[in-house]
Amino acid sequence: RRQRQMCIRDRIRSGQSFLYRINGYDSTVVEIRMRDKVTGSYLQVALTNTARRFPYLTQKLVEKGGAYYLHRDDNSMVAVKTDKFRTLGSMATGYHLLDVTYTGNCIRVAFHHGLCDGRGVMPFVEALLYDYCCQKYHKKFSAEGIRLPGDPIPEEETAEPFSREFYEVDETAIQPVEHDGFALPESTSTPEACYHSEILLDENTFVHAAKAIGATPTLFAAMLLSRCILELNPHAEKPVVCNLAMDLRSAIGKEQTHRNCVGTAYLPYTAQDGANAPEELARRYRELLAAQRDPNAVKAGLNKQIGLFNKLDELPTLEKKRKLMSFFNGMVNNTYVISYMGRLRLNDYAQYVESAHFFSDTICGLTVNMVAAAGKLSFEMLQGFPGAGYAQAFRQALAPYGLISATALEVVTTGKDKSFVTASHQAERYYAKSETPWL
């Protein structure tokens, strides 16, 4: 039983930008490749145990009056053997917004971005892997940093970063940053497919190279990819801009929340940057990132989202809300996006994990997802257009820094979303206000 009482329904605010899409929002996937073949019975035990610790990730979506709520889902979570991604929010997944499947050596955790972000799902993945390895290898591994069944669930884990109240901000103290980026000529707001190429590096080699010039791994990746893009588009009239996904939790004191709490930091790159020493560019990027991570700047960005969500709350119908949020359909972030999920905590069972990967198929422009595990760093190149030019150039740029493997560009398809339909068909009793515990 959870340590505190919660209302039976939990209105979503922070994930609303993913909930009002025309045809839903396809799943985002964390794929863990194990060294040994996955045993389904052990994975099921691990999933059952992990779900007990993370009840807020086992909920289903309910829609009423155009507003979306999370509600306790009494259907059990089942780890299914399949090489396909299942439809979230459907009967096949028990209406859950998170699904665990396996095939061969792979464990896959697919989640709806309206439920949480990559940082929010990471503790679930870590706990699942810990429990699975204990079951599979009949050994009690170190649980340091792992959230276990029976542990208290602090309110901070479900804290909402987007209240209706605006944060106090001194607008005059915010440093302006160039964010009007060069648009890739290949980008389109109506992609026919998502194309994926995977690049795997030795993490220590890449991190060491980044530190040598005073950069973090994400800043170093941005420096390399921006250079590649400009070399392929030498006549670009605007700066190449990296839209770096930025975790906002620490800036607002909500480090533990699983909810969507991500903003964007802008890192422009010009021909002059290419002519300068990499140490100079790294220094400039550190300064730009520090300015955009300043709590004052972060709160100003949050206020824009709060203003949008407040306006959304005022609209009376689902149709009007979808119309307001329609600008998210086909949105392209120029020039490209980098999102680093972080490093998976594997303690003393890292030896059983080959690598981790983080991808989706709802991409209109160009996105690079990064995740580290078991001494390897993966770069998932995701693009809403054919053509391997950018992937090949980036692979060549990364090659001196511990390249292990790379795959050819191919179409990737993750699970569809049915919750935008099924949420409106849930039983009327789910709408009643109640103080019933959700476990």
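View 1. At a relative accessibility of 5%, Arg-259 counts as buried (buried is under 20% relative accessible area, exposed over 50%, partly exposed in between, with a 1.4 Å probe and protein chains only). This is a predicted model, in which local features need pLDDT of at least 70 and side-chain atom pairs count only at pLDDT 80 or more, while totals for chains, interfaces and linings use all residues. Residues are numbered from 1 along each chain as its sequence is written, and side-chain values use heavy atoms, leaving out hydrogens and water.

**View 2. Asp-10 and Arg-259 form a salt bridge.** Their side chains meet at 2.6 Å, N to O; a salt bridge here is a side-chain nitrogen of Lys or Arg within 4 Å of a carboxyl oxygen of Asp or Glu. Look for Asp-10 in strand S1 (residues 9-11) and for Arg-259 in the loop between strand S9 (240-247) and strand S10 (262-269), 249 residues apart. Helices (H or I, at least four residues) and strands (E, at least two) are DSSP runs, numbered from the N terminus. Both Asp-10 and Arg-259 are buried.

**View 3. Arg-259 also forms a salt bridge with Glu-160.** The closest N and O atoms of this pair are 3.9 Å apart. Glu-160 sits in the loop between H2 and strand S8 (195-202) and Arg-259 in the loop between S9 and S10, so the pair ties together parts that are 99 residues apart in sequence. Glu-160 is partly exposed, with a relative accessible area of 22%.

**View 4. Asp-247 pairs with Arg-119 in a salt bridge.** Here the closest N and O atoms are 2.4 Å apart. Asp-247 belongs to strand S9 and Arg-119 to helix H2 (residues 118-137), so to speak distant parts of the chain, 128 residues apart. Both ends are partly exposed: Asp-247 has a relative accessible area of 31%, and Arg-119 one of 36%.

View 5. In the model, the count comes to 23 salt bridges.

**View 6. Zooming out shows the setting of these pairs.** The chain has ten helices and 16 strands. Buried residues make up 56% of its 439 residues. Its C-alpha atoms fill a box of roughly 65 × 55 × 40 Å along the principal axes.
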